[in-house]
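Here is a short report to read alongside the sequence and the coordinates.

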Amino acid sequence: MLRSLLLSSVAVSLLMPVTAVAQQTQTIETAVDSTPAPTAIASPGTPAGPDIVITGRLDAARASIQPSLGATTYSITNAQIQALPGGDNLQLNQILLQLPGVVQDGGGQFHVRDDHNNLQYRINGTILPEGVSVFGQTLSPRIVERFDLRTGALPAQYGLRTAGIIDVTTKSHFDNSGVASLYGGTNDTIQPSVEYGGSTGQTNYFVTGSYKHSNIGIEAVDPGRTPIHDNTDQYQGFVYLDHTLDSNNRISLIGGYADQSFQIPNPRGLHPNSGYTVGGQTDFLSNDLDERQHEQTAFALASLLHDAGPLTLQASLFARYSALRYTPDVVGELLFNGLAQNAYKRDFTFGGQVEGAYRLSSAHTLRGGVIVSRDRNNSQTATQVLPGTYDADRAFTQTGQPVTVVDNGAKTEMTYSVYLQDEWKIAEPLVVNFGGRFDHYDGYRSESAFSPRVNAVLTPVEGLALHAGYSRYFSPPPFANVATTSVLKFRGTSAQAPGDDGANTPLADAPYAEKQDYFDIGGQWKLSPTVTVGLDGYYRKSYDLLDEGQFGAPIILTPFNYGRGTIKGAEANVSYAAHGLSLYGNLAYAKAQGTNIVSSQFNFAPADLATIARQSIYLDHDQTWTASAGASYRIEQGGLRNTRIGGSMLYGSGLRRDGDVPNGGKLPAYAVFNLTTSHTFTGPGIEIRADIINVADHVYEIRDGSGVGVGAPQFGARRGFLFGISKTI
């Protein structure tokens, strides 16, 4: 069956002892001097020696290369992750849902400011290339010391993927210790994991490894408590290594691997009504379907950091391999859908980036960089289909038994980027950052663009920072996901494209790069040492707006373009932290619309194409209102000392579904509440925790199976009880 589903269970991680709980923070970075320096971790009771001082200074120097002047940055630390229900056993995407303007969707997807994907991940400042994974998560929260979500009018160092920059600062344990943990509970979930970090001489290292098994690996397609055929097995590993050459130079190596297998959950009690016959068989119970998806990814990053005098420079190499294999239930899928496709996609990207900052004077800091990458994509499919004919109403009549259509393809894309900008401190309260970048890619299309950027930050009084900015964006389609289907090969079969009338060559334009004019204005006000509020508004005008949908048998998202689009919205947030109590709340409004589909047209029915050409429609992932909130309290005195209690909430007003026009309706609103408690036994170094997910056992639907490019229905996770224990080693 065709499905696009959301990861609903809790992922493998470590239960780290927590010494402090901080509130979620929003920052508007105003200058390099305001960038906080990541801290090195020394052994308890050990004074900070020269090596630790050098490490902290080099970390701060690395951060100074890419401050997000004028952009909105939402930050979450490891301590804040631990305070959430599930802690760092959560998937990284589930943690991101607690930030303003981040919307939950199916298939492990989420949307920042009503964009579809358009996200860039960085690890310690180095770009992590995109891959072809769908359900699996490449990065685990267990590696995170802190991560920042940067959005809004981004400065020139950020390009190609611009809805959000997820910049992960990894843990750096230098005290020759680690943590082993075991976490599990509802749905036969079991998650052992281990991490260890240390140092020897001028070399620091950190490693993690984990395994997860669960009977609920992907979001259910019905509201039942236990999905049918939904097992998952997931292995993840990560290694970090750095070596300080001298006080001005450091090299670092980062590597990761994930191997994740998923059964595709089955709907209950359905029978095909297609009238197809396969080897004399006409019936098939949907409970018995056996579809599977296997995803693998591996990445490696290498960096050299130099900091001396006015110049800070980081040169990096990056590489990523990813592969996805979808294995169908041949007879079942033919009877239900008329096609069964065995698909294998693999992608390998490597490249380099050189970025630097030069402090020209007290008023001017120049930043620039060059990024080059090569991406090789390979797609192999063997699709079993039924031969037949279509009448004028597109009703299909089978005329024979299954035949196999082989459709293989490969392509290489080159991408080149260069940028330069100046941070200008005009006067004490005003800082302006202006510059531009040039991007060119050559793949399924060859396109280029120059993108000017300008941001200003004003701090009229202590504690108040106002910002405004404009950015021109250029975002090529995600190369690994571009469809390579030879449409005419499927003519005269049950898999004939919706846009193929059988007589004329269907439109199959390759996706275009999206161009945006992006405006952002907002502010942050620290009302007191304990209370911070923020407000931000944005407006985006898009040309060749990129979206993605599931078209075809494998659960792979394929990009397409709307000719024009607009996205606008506002975000508000408030946080409080004092006396062991941490509170936060976020509220976001958004509206995203597009008109006239101008690429990958063969995936759409002619009637839908005509409607969308005449009028704007909502994007399928548009959600008008999104909110999140949380609370955590750590008891520091008495018999319950080192006990933490907390909770979180997620609200969505509902994604789009079909109505009178495509995406013309919306799903019902939902609110989900989670609870957590934990206790740390400081003597033996043991922590225990208990989490309740979806306390009220609320049944809610994320997708109903309708909408542009939407697969099957997707329901949120039902109530779950999970428990963990961790031990310092």
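## Strand pairing

How many bridges join strand β10 to strand β11? There are 9 bridges between β10 (residues 189–200) and β11 (residues 203–214), and the two run antiparallel. Strands here are DSSP E runs of at least two residues, numbered from the N terminus, and two of them pair if DSSP finds at least two bridges between them. β10 and β11 form a hairpin with 2 residues between them, and Gly201 in the turn has a positive phi of about 65 degrees.

On its other pairing, β11 meets β12 (residues 232–246) in the antiparallel sense over 12 bridges. Ser210 of β11 stands opposite Ser193, and Ser210 also stands opposite Gln236 in β12.

## A nonpolar patch

Leu311, Leu313, Val354, Tyr358, Leu360, Leu366 and Leu420 make a nonpolar surface patch of about 570 Å². Strands β15 (311–327) and β16 (339–359) each supply at least two of its residues.

## Confidence and conventions

This is a predicted model: local features need pLDDT of at least 70, side-chain atom pairs count only at pLDDT 80 or more, and totals for chains, interfaces and linings use all residues. Residues are numbered from 1 along each chain as its sequence is written, and side-chain values use heavy atoms, leaving out hydrogens and water.

The chain has a mean pLDDT (the predictor's confidence in each residue, from 0 to 100) of 89, and 91% of its residues reach 70 or more. Over residues 1–50, however, the pLDDT is below 50.

Key: Helices (H or I, at least four residues) and strands (E, at least two) are DSSP runs, numbered from the N terminus. Patches are made of residues with over 30% relative accessible area and no salt bridge: like charges are joined within 9 Å, nonpolar side chains (Val, Leu, Ile, Met, Phe, Trp, Tyr) within 5 Å. Accessible areas come from the Shrake-Rupley method with a 1.4 Å probe; for residues, only the protein chains shown count as cover. A salt bridge is a side-chain nitrogen of Lys or Arg within 4 Å of a carboxyl oxygen of Asp or Glu. Contact means heavy atoms within 4.5 Å.
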